[in-house]
Amino acid sequence: MIHPAWGPFLFDTSAESWLARTPLAPAQEWFRRYTELFPVHISAVTVLERTRGYALLWRSESGERRGQIESARIAYLSTLGQVWPVDTTIAVVAAEIMALAPQPPTPAKRSHKFSESRQERLTRWRCDTMIAATALVTRMPLVHNNAGDFEAIRSAVEIDPARFPGLGPLELARCGGLV
Amino acid sequence: MKQKSQTASRKRRTTLTLPVDALGQAERIARAKHVNLSVVVAEALASFLQVEKAREHSAQVLRGYREAFQGFSAEEMMILDGIIPETRKR
């Protein structure tokens with residue numbers, strides 16, 4: 001268990017939505033307590049991923065549904081807590097991670113009706129490296145819902161610590177492990 | 001400057017009806033700290049108001065997130081999480 005008071009934490013894109021939507025009472029209570037104590041820290045990259053999602057959904061719909069999607073987008077942007085920009089330091093650290101691990105460690109998402117392209121998978125991987133770099137630079141543990149990607153980044157940082165002077169290790173906390 | 005400090009410490013006299021037990025505890029704390037009862041009650045109220053403010057803020061954040069994510073299917077939530085299927089891009 002990770003006490004909310006041990007924060008602040010940086011939240012990955014899928015962790016943010018998982019905690020906001022979870023039907024699990026202990027996780028709901030954890031997030032409620034957390035938001036009493038700290039702002040929800042996220043990377044600007046999460047804002048990019050999320051609002052790109054809203055924009056794509058909006059473009060694929062019409063009429064009343066578009067209005068609902070736009071209202072949801074406005075609600076999201078109005079709810080933002082602490083958003084960390086990708087500054088020079090974070091960009092340099094993310095570049096080191098991308099050089100150490102240029103390819104995504106897990107395959108593209110696929111199911112019988114859903115297929116993520118290799119290009120999209122690579123984009124998502126690069127977003128993850130920028131989010132991990134933000135956690136490293138801001139020295140916040142990263143709450144995530146994507147062990148495959150972030151454990152690989154943690155390992156990459158541990159393999160070559162000289163390229164990350166004064167930073168690391170990357171502290172990770174899975175959403176499911178918070179309570 | 002003088003006006004600013006007067007504003008910061010503005011006070012108003014009032015009459016409260018408090019539970020005997022709580023009042024007794026507050027008086028004991030006031031005696032132990034060598035301050036008057038008003039100081040103890042003001043500190044307790046300030047702490048309570050801070051907690052209430054945090055609760056209200058938390059409720060507002062959670063309400064905002066509910067509005068941001070409600071009414072989306074599992075596939076749409078994946079898109080909102082940055083996982084974009086090929087068909088959506090066309």
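Helices (H or I, at least four residues) and strands (E, at least two) are DSSP runs, numbered from the N terminus. On that basis chain A holds seven helices and seven strands, and from the N terminus on its elements follow the order β-α-α-β-α-α-β-α-β-β-α-β-α-β. This is a predicted model, in which local features need pLDDT of at least 70 and side-chain atom pairs count only at pLDDT 80 or more, whereas totals for chains, interfaces and linings use all residues. Residues are numbered from 1 along each chain as its sequence is written, while chains are lettered from A and ligands numbered from 1 in the order in which they are written.

**Overall form of chain A**

- Along its principal axes the C-alpha trace of chain A spans about 55 × 40 × 35 Å.
- Of the contacts in chain A between residues at least 6 apart in sequence, 77% join residues at least 24 apart, where two residues are in contact if their C-beta atoms, placed from the backbone, lie within 7 Å.

**Burial in chain A**

- Buried residues account for 36% of the 179 residues in chain A; a residue is buried if 20 or more other C-beta atoms lie within 10 Å of its own, exposed if 12 or fewer, and partly exposed in between, with C-beta atoms placed from the backbone.
- Helix α1 (residues 13-21) of chain A is mostly covered, with eight of its nine residues buried, among them T13(A), E16(A) and W18(A).
- M140(A), in the loop between α6 (118-138) and β6 (142-144) of chain A, counts as partly exposed because it has 19 C-beta neighbours inside 10 Å.
- Not counting residues up to four places away in sequence, M140(A) touches P8(A), F9(A), L10(A), H41(A) and A135(A), and its C-alpha atom is separated by 7.4 Å from that of E171(A), 31 residues apart along the chain.

**Interface between chains A and B**

- In total, 23 residues of chain B are in contact with 30 residues of chain A.
- On the side of chain B that touches chain A, the elements giving two or more residues are α3 (37-69), α4 (74-80) and α5 (86-89) of chain B, and the largest share, 10 residues, comes from α3(B).
- By class, this side of chain B has 12 nonpolar, four polar and seven charged residues; Ala, Val, Leu, Ile, Met, Phe, Trp, Tyr, Cys and Pro count as nonpolar, Asp, Glu, Lys and Arg as charged, and the others, Gly among them, as polar.

**Helix packing**

- The axes of helix α2 (residues 25-37) of chain A and α3(B) come within 8 Å and cross at roughly 125° (axes are lines fitted to C-alpha atoms, for helices over the stretch in contact, and angles run from 0 to 180 degrees between N-to-C directions).
- α2(A) and α3(B) are therefore oblique to each other, given that angles under 35 degrees count as roughly parallel, over 145 as roughly antiparallel, 65 to 115 as roughly perpendicular and the rest as oblique.
- R32(A), T35(A) and E36(A) of α2(A) make this contact with A54(B), R55(B), S58(B), V61(B) and L62(B) of α3(B), a set that divides into three nonpolar, two polar and three charged residues.
- Within chain B, the axes of helix α2 (residues 20-33) and α3(B) come within 8 Å and cross at roughly 115°, and the two helices are therefore roughly perpendicular to each other.
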